[in-house]
Amino acid sequence: MERYKILEELGDGTCGSVFKAIHMETYEIVAVKKMKRKFYFWEECMNLREVKALRKMNHPNIIKLKEVVRENNELFFIFEYMEYNLYQIMRERERPFTEEEIRSFMSQVLQGLAHMHKNGYFHRDLKPENLLVTNDVLKIADFGLAREVSSLPPYTEYVSTRWYRAPEVLLQSSTYTPAIDMWAVGTILAELFTLSPIFPGESEIDQLYKICCVLGTPDWTTFPGATNVSRLMNICYSEILPANLSDVIPNASLEAIDLIMRLCSWDPLKRPTADQSLQHPFFHVGMWVPYPIRDPLELKLNNIAGAKPNLELNLWDFGAEPDDCFLGLTLAVKPSISNLEAVHDVSQGMEENILLCSDFKNHQEQSVLWSFISPDQNGIHPPVESSLSLSFSSIQHPSVVPQSSGFPITSLQPNILDCPLLAMSSPFQQSHYH
């Protein structure tokens, strides 16, 4: 350890103390964890769960163990240095986190956790103090209570700090799974919104009561392996109705509320995995296009002088029935325009209806209709909405976000409607598109 100079103590825990130190040759800042117990053999050092877990995992969201040093029967772990932990950041906040900041933190937690679970370990002590942050990069740390997923019960009764402890652990279940980590993720997600714990129990009994007050009375059959369900039954001798989580966390979006409810499910089997959680809509806000809330052919054109043409594209799902599987491209036209040419053609079982207007200069309300629809054997179009619509119009769109039903392009060239329109098509095979 003569290569390292201790600069200051960062924290003191049950198993050891953590110090900030500098490497005397490379001047690299590191974190040194000094274990409190003595180690007389190198083999017992290498067999520690923390060492075995960290040596097996290499992920940008998991703290890196750089070196293990045994000196005078004392054991030191040399870690990469991180400036803060999430608890410190929350304690120093003067305003709530934005949802984008919360989304960034939680996606990193889940990515690290997914890697950990895939490599056969679960953490068992996830809490804000064990999530380290430098320059908005988050890493999971403190694997002192980590355990192999394949290890056999009975498991240690004490795991995790009480506020983040899953109900099956509080009820002393003989077996538990990586789902206890997912419960902790749900409580941390809720705390990032409120900057205070969602279940701040003062004892294990009080912890269970506070969970009941938010989630309501559980189904008693959810914990078949628990040895202490009686303590929960004593708390919930009368049915407790669940609270409205939106009232408990008023600044959280509906997507965030839904994810918290899923993660903090009484039933461990109903909690999503880390990979499944990353696919939740909370992490994909603004990346999907909803089904349009109105008929896309219901054009409400405004007579706005000097309005620039807009190009609007609407796309949505088809029906699930085979008869509903077709592709339609529609450019709608104002029927009052006199200069209209109609073309009708049937080739290779595909009907084309093309209505073209050659001159738009003197019309404020104008558009073009171009539709491709696979008719049935009688030549009758199925009575369903078009699946894809494209329209030119004089509509003045306000600024929109990706959740809207269309994507306006306000910088469209003014003379684009004066150009010839060429339509080409090829037969479509009926199939289900998304």
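Glu 100 pairs with Arg 103 in a salt bridge, and their closest N and O atoms are 2.7 Å apart; the term stands for a side-chain nitrogen of Lys or Arg within 4 Å of a carboxyl oxygen of Asp or Glu. Both residues belong to helix H4 (residues 99-118), where they sit three residues apart, about one turn of the helix. Helices (H or I, at least four residues) and strands (E, at least two) are DSSP runs, numbered from the N terminus. Glu 100 is exposed at 52% relative accessibility, while Arg 103 is buried at 12%. Here buried means under 20% relative accessible area, exposed over 50%, and partly exposed in between, using a 1.4 Å probe and protein chains only.

A word on the model: it is predicted, so local features need pLDDT of at least 70 and side-chain atom pairs count only at pLDDT 80 or more, whereas totals for chains, interfaces and linings use all residues. Residues are numbered from 1 along each chain as its sequence is written, and side-chain values use heavy atoms, with hydrogens and water left out.

The structure holds 17 salt bridges. One of them joins the side chains of Asp 142 and Lys 33 (3.7 Å, N to O). Asp 142 is in the loop between strand S9 (137-140) and strand S10 (147-148) and Lys 33 is in strand S3, so this pair ties together parts that are 109 residues apart in sequence. Asp 142 is partly exposed, with a relative accessible area of 31%, but Lys 33 is buried at 9%.

Glu 80 and Lys 139 form another salt bridge through their side chains (3.6 Å, N to O). With Glu 80 in strand S5 and Lys 139 in strand S9, the pair ties together parts that are 59 residues apart in sequence. Lys 139 is buried, with a relative accessible area of 11%.

## The five-stranded sheet

Five strands form an open, antiparallel sheet in the order S1-S2-S3-S5-S4, where two strands pair if DSSP finds at least two bridges between them. Strand S1 (4-12) and strand S4 (65-71) are the edge strands, each pairing on one side only. On average, neighbouring strands are turned by 25 degrees against each other, direction ignored. Axes are lines fitted to C-alpha atoms, for helices over the stretch in contact, and angles run from 0 to 180 degrees between N-to-C directions.

Strand S2 (residues 16-23) and strand S3 (residues 29-35) run antiparallel and are joined by seven bridges. Val 18 stands opposite Lys 33 in S3. Glu 9, in strand S1, touches Ser 17, Val 18 and Phe 19, not counting residues up to four places away in sequence; contact means heavy atoms within 4.5 Å. Glu 9 is partly exposed at 46%. Helix H2 (residues 49-56) lies across S3, S4 and strand S5 (74-80), running at about 30 degrees to S5.

## Helices H6 and H10

Helix H6 (residues 179-194) packs with helix H10 (residues 254-263) at an angle of about 145 degrees, and their axes are 8 Å apart. The H6 side of the contact includes Trp 183, Leu 189 and Phe 193, and the H10 side includes Leu 259 and Ile 260. By class, this contact has 10 nonpolar, one polar and no charged residues. Ala, Val, Leu, Ile, Met, Phe, Trp, Tyr, Cys and Pro count as nonpolar, Asp, Glu, Lys and Arg as charged, and the others, Gly among them, as polar.
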